[in-house]
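I opened a notebook page for this structure. My entries below follow what I looked up, in order.

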Amino acid sequence: MGGEASGPAYKRTRVRDYLRDYVESRSPGDPIPSERTLCEQLAVSRPTLRSAVDELVSTGLIVREHGRGMFVAPAKITQELAAATEDHAFVLPRAAGTWTSRVLEFSTVRAGARVGRKLNLSPAVEIVYIARLRLVDGEPMAIEYLHVPASLVGGLQAEEMESGDFYELLRDAHGVRVHEATQWMEPTVVSEKEARLLDVPVLSPALHVERLTTDRTGRPVEYVHSLYRGDRYRIVSHLSLGDPDAPTG
């Protein structure tokens, strides 16, 4: 037992927890003591320290700057998922920060078999395909790929997709009112191309999100899949577990 409590895994965990507490007590951009200082302070080897630091860098709590040292990372962008209400089945509060977009691709194409199934369309039916880089306060945050039936968004221009809320645009310019969405999320890593767009290292952790949105009649109006930076983006949800003492029906 004593050997396990002083082994490499234990030491790495102790260093990681110390650094987590340190980061949480500081502000974004604050410097973190040097490796030498931390090794002496925590009585661990440099490889053990670097292993713990690497873990916190990959999760977006610490940033390294070549020639300058380590710093507390910028605050993560938080997206809250709110529970549905009686009046609105689709409730998605705005995420923090100022969101803008840069359109990477914009074209009208055939739906194809896979997207056609998602949107309940024939594979030969035309859709508008949009790939855009999503930025928060000017920093790349996500890559988004949208598929919308062309019949719903006649006259849509690429520049309209670079600012504002897409669902508001659907409502105000095209008379399409979104009502519900089913969303799937899973962890992944970024490819070389995605890493260049998001300005992160290749194989950095990311969150893959798929969403199918329907209008008030249940008609699919949008299929989108997105890739969010794992080091800067997080999703928060509040769960209501009910009253454990309430009588059951």
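The model I am reading is a predicted one.

Entry on the ends of helix 6. I looked for a cap and found D165 at the N-terminal end of helix 6. A side-chain oxygen of D165 lies 2.9 Å from the backbone nitrogen of Y167. After helix 6 comes G175, and its phi is positive, near 70°.

Entry on burial. Which residues of helix 6 are buried? In this helix, residues 166–174, I listed F166, Y167, L169 and L170. They lie on the same side of helix 6 because they cover an arc of only 160° around the axis. I then checked what these buried residues pack against, and noted strand 6 (126–136), strand 7 (139–149), strand 8 (178–189), strand 9 (205–215) and strand 10 (220–229).

I turned to the second largest pocket, which has a volume of about 370 Å³. I counted 18 residues in its lining, with V63, V200, P201, R229 and D231 nearest the centre. Helix 4 (46–58) and strand 2 (62–65) are the elements that give two or more residues to this lining. Which element gives the largest share? I found that strand 2 does, with 4 residues. By type, I sorted the lining of the second largest pocket into 8 nonpolar, 3 polar and 7 charged residues.

Conventions. Residues are numbered from 1 along each chain as its sequence is written. This is a predicted model: local features need pLDDT of at least 70, side-chain atom pairs count only at pLDDT 80 or more; totals for chains, interfaces and linings use all residues. Side-chain values use heavy atoms; hydrogens and water are left out. Buried means under 20% relative accessible area, exposed over 50%, partly exposed in between (1.4 Å probe, protein chains only). The arc is that of the directions from the helix axis to the C-beta atoms. Contact means heavy atoms within 4.5 Å. A polar contact is a pair of N or O atoms within 3.5 Å; within protein, one must be able to donate a hydrogen and the other to accept it, and residues adjacent in sequence count only if both atoms are side-chain atoms. On a 1 Å grid over the protein atoms alone, a cavity is a set of points where a 1.4 Å probe fits but cannot get out, and a pocket is an open set with protein on both sides within 12 Å along at least five of seven lines; lining residues have an atom within 4 Å of a point. Grid points are joined across faces, edges and corners, and a volume is the space filled by probe spheres set on the points. Ala, Val, Leu, Ile, Met, Phe, Trp, Tyr, Cys and Pro count as nonpolar, Asp, Glu, Lys and Arg as charged, and the others, Gly among them, as polar.
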